[in-house]
Amino acid sequence: MTPPNTPFCDGLARRDFLRIGTAGLLGMNLSMAQMLRQEARGAGSGAGPSFIYLFLQGGLSTIDSFDMKPESPSTIRGPFNPIRSKVPGIHVCEHLPEVAAVTDKFSLIRSFTHGDAGHGSADHHMLTGYRPNAAFNAGLSPNNQHPSLGSVIAQRLGARGSIPPYVCLPGMHASGSSSYLGPSAVPFVIETDPNSPGFEIPDLQPPLSIDAARIADRRGLLAQVDRFQRSVEQKANANAGELSVFAERATALMTSREAKTAFDIQQEDPKLRDAYGRSTLGQSCLLARRLVESGVRCVTINHQNWDTHSKGFVTLKDDLLPKLNLAMSALFRDLDARGLLQSTVVVVTGEFGRTPVINKDAGRDHWSRCFTVALGGGGIQGGRVLGRSDAQASDPAESPYGPEDLCATVYHLMGIPPHEEMLTQEGRPVMLTNAGRIMRDLL
Amino acid sequence: MKTRFSTLKCGAGWLLAAACMLAVPARGAAQQPQPDFIHDVAPILSRFGCNGSACHGKAEGQNGFKLSVFGNDPRSDFEALVLQDRGRRVMPASPENSLLLTKSASLVPHAGGPRLRVGSREYGILRDWVAQGALYEDKERPVWTSLRMEPAGAVLGFARRQPLKVYARSSDGREQDVTWLAIFHSNNPALAEVDEQGAVTTGSLVGQAAVMARFEGQIAIHQVTVPRPGAPNAFEEPPGVTDIDLLVHKNLRRMNLRPSEQVDDAGFLRRVAIDLIGRIPTLQEARAFLEDTAPDKRARAVDRLLARPEYADLWALKWSDVLRVDRRTLGHANAFAYYQWIHQSVEANTPLDVFARDLLEAEGPLTQNSAGYFFKVTKKPGEMAATASQALLGIRITCAECHQHPYDRWTQSDYHGMRAFFEQVRFKKTGAEEALIADGTPKVTHPRTKEVLYAHPLGTPMPEADPSGDRREALSHWLTSPDNPWFARNMANRIWSHFLGRGLVEPVDDVRASNPPSNPELLTLLARILTDAKFDQKTLIRAIVASQTYQRSATPNPTNGEDELNFSRALFRRLPAEVLLDAICDVTGVPEKFPGVPLGQRAVQLWDSEQQSYFLKLFGRPMRTTACVCERSASAGISQALHFMNSNNLQAKLAHAEGNLPRWQALPGGSNALVESAYLACFSRLPSEQERNAALAYLAARPGHAKEAAEDLAWSLLNTLEFVFNH
């Protein structure tokens with residue numbers, strides 16, 4: 001534990017940091033100007049690492065995709081066959097042929113484990129690096145007991161330019177929020193589907209009938225009539241200050257050319273859009289690439305329906321794997337072709353894997369004791385396999401890794417020391433990662 | 001080896017022969033009892049965090065060694081230490097080589113690092129315990145009965161240090177200094193931090209903090225008060241103060257704060273209308289109120305608002321959140337029936353004790369006794385008990401389902417004793433009709449000890465048997481008694497919080513020993529007003545809104561700009577999602593049309609929290625999956641700001657041909673009438689000269705575009721902080 005008043009590497013003493021951490025709660029410790037200054041300090045410039053978290057909510061069946069067990073009995077191995085991939089020795093599912101062609105661009109952890117087989121709590125564990133405690137209520141949105149990876153990244157690195165540092169799409173996973181890191185680390189949430197025909201960000205542009213001059217006029221009038229803006233009342237009420245911050249951000253976003261470009265998926269070459277797949281998953285990945293290109297530091301894609309309990313193989317073969325095949329392969333290829341892969345960490349995983357033994361409904365149930373996580377870019381070596389599962393993929397056979405280690409590795413690659421502290425609402429110091437280990441064998 | 005294990009397992013007082021020779025230190029240890037696990041070792045495991053939820057206390061243990069979280073199950077902890085891992089953890093023949101000692105002192109690799117030093121007091125106790133045979137419990141020794149801290153409270157300046165002492169009293173009447181074994185926790189570390197040795201250090205914030213010490217299931221509280229520094233800021237009691245104000249002022253003097261001025265008429269009317277009926281005043285109401293010169297006009301406005309039907313809509317919405325009118329769980333028809341029961345109760349001004357009784361004792365056909373849906377939505381007896389405790393008493397007992405509450409005194413016996421009241425509840429279907437029945441004699445057992453637990457309310461001793469008949473009647477009788485230690489106080493606190501933006505206990509549904517009220521005397525007074533009025537909510541509301549405390553301005557003075565805890569000024573509160581949307585509709589004169597709901601029904605009147613609405617979702621409407629008031633979010637985001645600035649829906653309301661704007665433009669009096677109307681409708685006040693001139697100049701500069709200019713003016717007013725907040 002850091003002793004009191006030891007400066008962090010960002011020059012903040014613990015006591016200062018403590019006030020920032022609880023500013024939203026107590027409201028009176030940090031003026032808005034201070035808070036903005038603090039953010040400005042965090043704000044980097046130019047390029048720098050980014051992170052795309054492709055979360056397959058429900059639980060990707062990795063025994064049917066990235067860690068197949070063709071030697072095991074038919075009650076376990078399932079109907080799919082493995083195929084060779086670009087990297088000798090790495091086999092993937094026959095329904096992921098495009099992914100097989102890019103296995104040199106990412107690596108696989110085949111000994112991933114956390115032991116929590118409940119959706120909500122496992123999601124929280126995977127998205128924050130912290131297993132939730134007993135008071136967890138998965139039904140809340142947000143339900144964060146600890147900040148999501150994106151929130152930590154946003155808080156530590158700040159925004160690049162006028163574009164928000166952390167974006168969730170489509171919609172925000174209930175564990176995607178900032179918890180005690182407060183409003184500046186809340187994601188910008190794209191609620192609409194990037195695959196929808198006239199996709200646009202709700203409310204990002206004024207109604208068509210209101211032209212730019214009139215917007216400027218309105219804003220000018222607002223500045224004259226908003227009597228609590230920069231008032232003693234606003235200074236004394238943190239929530240009023242926050243609202244002003246968001247209004248400023250919203251204005252910056254509206255007028256940001258970077259944002260306008262980033263969100264305008266229609267500008268993409270239709271062929272490239274096809275390559276990603278004309279699906280929510282595919283177009284979300286494409287939009288993520290656009291966002292990263294424009295300076296967003298973390299994009300979390302929450303793709304649902306991976307909970308393949310019944311008729312799982314049909315769903316995987318006909319629907320989910322073909323979509324993943326296009327989206328994931330196009331994302332790695334596209335990032336690489338643009339020179340962005342070196343600076344963009346990509347993680348592809350569900351909250352857990354699925355049971356080795358096939359159930360009576362031709363599907364598989366939740367399995368958190370062992371599954372595979374794919375990750376690449378941003379300094380991660382491609383074409384490697386870390387760890388190994390046992391003969392039936394039911395437990396790690398060697399080198400088990402968990403969500404804590406994944407977080408530590410991602411933070412490390414983002415240039416954030418994983419063992420720094422944050423403070424909870426109660427003022428309790430909490431490590432960015434819960435004793436996670438950086439997976440140096442991948443770097 | 002096998003023999004030793006089995007002997008240890010069954011004989012708590014058993015002493016290892018070899019250890020006898022090692023035992024008994026020279027210094028008159030004849031009076032010293034033999035150290036045992038229960039009295040000597042378990043407190044050390046808790047104090048040094050061994051059984052914390054991040055270490056060996058987590059569900060799967062740590063590195064093969066599992067302790068029950070917070071030492072909840074001492075017997076299994078003892079067995080884990082003494083029996084497991086081939087006896088390497090506790091080796092009486094060679095105490096210093098026991099893993100218990102080598103690990104905790106980090107003499108061998110320990111992921112948790114060194115927890116205690118070789119040669120320290122705690123090390124010595126662990127060693128002696130091992131050496132003397134690792135006894136489980138000496139039943140002759142007394143048990144802990146209470147805990148206190150010295151001093152019990154302190155008034156400190158900035159950056160001051162105050163060491164605390166913790167004394168535990170045992171059943172033999174003796175007191176012992178247990179400071180070194182106590183675990184400390186501050187509820188406001190920014191204001192007052194406490195270190196592991198129990199020394200409090202204040203920061204540079206004004207306010208109060210509660211520092212809790214925990215020792216072996218007992219809790220004590222030390223209250224730290226940090227007044228505003230500087231010369232004492234005495235103020236006279238102004239004329240017309242109420243009992244509520246006197247207690248608030250007493251606290252403000254202690255904190256060296258001075259209250260803000262009283263809010264002006266416009267500010268009062270807008271505030272009290274939002275708080276009482278969830279609507280901002282119409283421009284006619286605002287104008288009439290401003291022009292009224294009667295000295296009692298504020299009290300009469302309160303009377304008028306309390307009689308309005310929207311009062312019931314607003315409070316039905318509040319209770320629907322807490323009591324979980326959840327359509328996803330209940331289905332349309334059931335959720336609507338449940339809502340109607342709540343709405344009718346509020347409309348009839350049912351006393352709160354009767355309301356709680358109706359809820360807790362609901363039985364029979366659900367269509368006629370729709371309060372019974374409470375038991376449908378909470379499903380299981382444990383959840384019924386936990387939800388009822390949180391919603392009606394403000395006490396969260398869910399922690400105690402599996403272990404002792406870490407910040408309160410609730411044990412598994414308390415939780416399961418409460419659960420036992422609801423075990424009889426079942427549903428019987430006859431045809432299309434479903435009825436709630438509570439009968440039979442189901443037994444509840446303690447999940448660990450397996451002893452039978454009879455239904456008993458929180459904090460009361462367990463009786464010899466379950467109550468006969470419907471057990472819930474016994475619970476509701478206890479709960480709604482004026483002497484109940486929590487019910488009236490919690491209801492009063494919820495009402496206070498609604499009007500002042502902050503509970504005396506905050507959050508209002510997290511009443512704990514370690515979360516004491518910021519002004520205990522005031523909470524007692526409010527509860528007494530409520531019980532004296534036989535739980536008539538409106539009586540307490542009248543008392544609160546008539547106080548100078550409620551009627552304070554939001555403008556801080558030089559003393560209270562940083563105070564959010566002591567009610568020295570009015571706090572900014574963002575309008576709840578439904579109220580905010582209705583306010584936009586009221587200002588523009590264009591109602592919102594919700595899918596499947598008749599036009600004209602306002603957002604506050606929606607019974608279904610799943611009702612499709614981007615606005616309501618965006619502005620934090622709760623899901624109603626728990627009783628927690630935290631589900632309703634007032635937090636802001638970029639998307640909300642974008643919506644206010646750019647929403648097509650808002651623009652359509654501004655541009656609507658039959659909305660208020662064209663009406664105001666057609667008023668005699670020209671632009672000036674438009675500006676005044678817009679100000680009155682948004683803020684219940686007239687514009688200042690400066691504001692009037694700015695608005696008039698804007699309108700005058702756009703000849704030929706009067707409609708657009710009026711829209712721009714209304715857009716600007718709706719986008720102000722003044723509009724979205726109650727202040």
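Guide: Residues are numbered from 1 along each chain as its sequence is written, while chains are lettered from A and ligands numbered from 1 in the order in which they are written.

Visitor: Over which residues of chain A is the pLDDT below 50?
Guide: pLDDT is the predictor's confidence in each residue, from 0 to 100. Chain A has an average of 87, and 88% of its residues score at least 70. The stretch below 50 still has 68 contacts in the model beyond near neighbours in sequence (contact: C-beta atoms, placed from the backbone, within 7 Å). Where pLDDT is low, predicted coordinates should not be read in detail; the stretch is residues 1-46.

Visitor: What percentage of the residues in chain B is buried?
Guide: A residue is buried if 20 or more other C-beta atoms lie within 10 Å of its own, exposed if 12 or fewer, and partly exposed in between, with C-beta atoms placed from the backbone. Chain B has 727 residues, and its C-alpha trace spans about 105 × 75 × 50 Å along the principal axes. The buried share is 50%.

Visitor: Which helix of chain B gives the most residues to the side that touches chain A?
Guide: In the contact between the chains, 55 residues of chain B meet 56 residues of chain A. Helices (DSSP runs of H or I, at least four residues) and strands (E, at least two) are numbered from the N terminus. Among those supplying at least two residues each to this side of chain B are α25 (648-655) and α28 (689-700). With 8 residues, the one that gives the most is α24(B).

Visitor: Is P202(A) buried, partly exposed or exposed?
Guide: P202(A) is in the loop between β6 (188-189) and α7 (212-225) of chain A. Leaving aside neighbours within four places in sequence, P202(A) is in contact with E191(A) and T192(A). Because P202(A) has 17 C-beta neighbours inside 10 Å, the residue counts as partly exposed.

Visitor: How many Å separate the C-alpha atoms of P202(A) and A174(A)?
Guide: Along the chain, P202(A) and A174(A) are 28 residues apart.

Methods
This is a predicted model: local features need pLDDT of at least 70, side-chain atom pairs count only at pLDDT 80 or more; totals for chains, interfaces and linings use all residues. Two residues are in contact if their C-beta atoms, placed from the backbone, lie within 7 Å.
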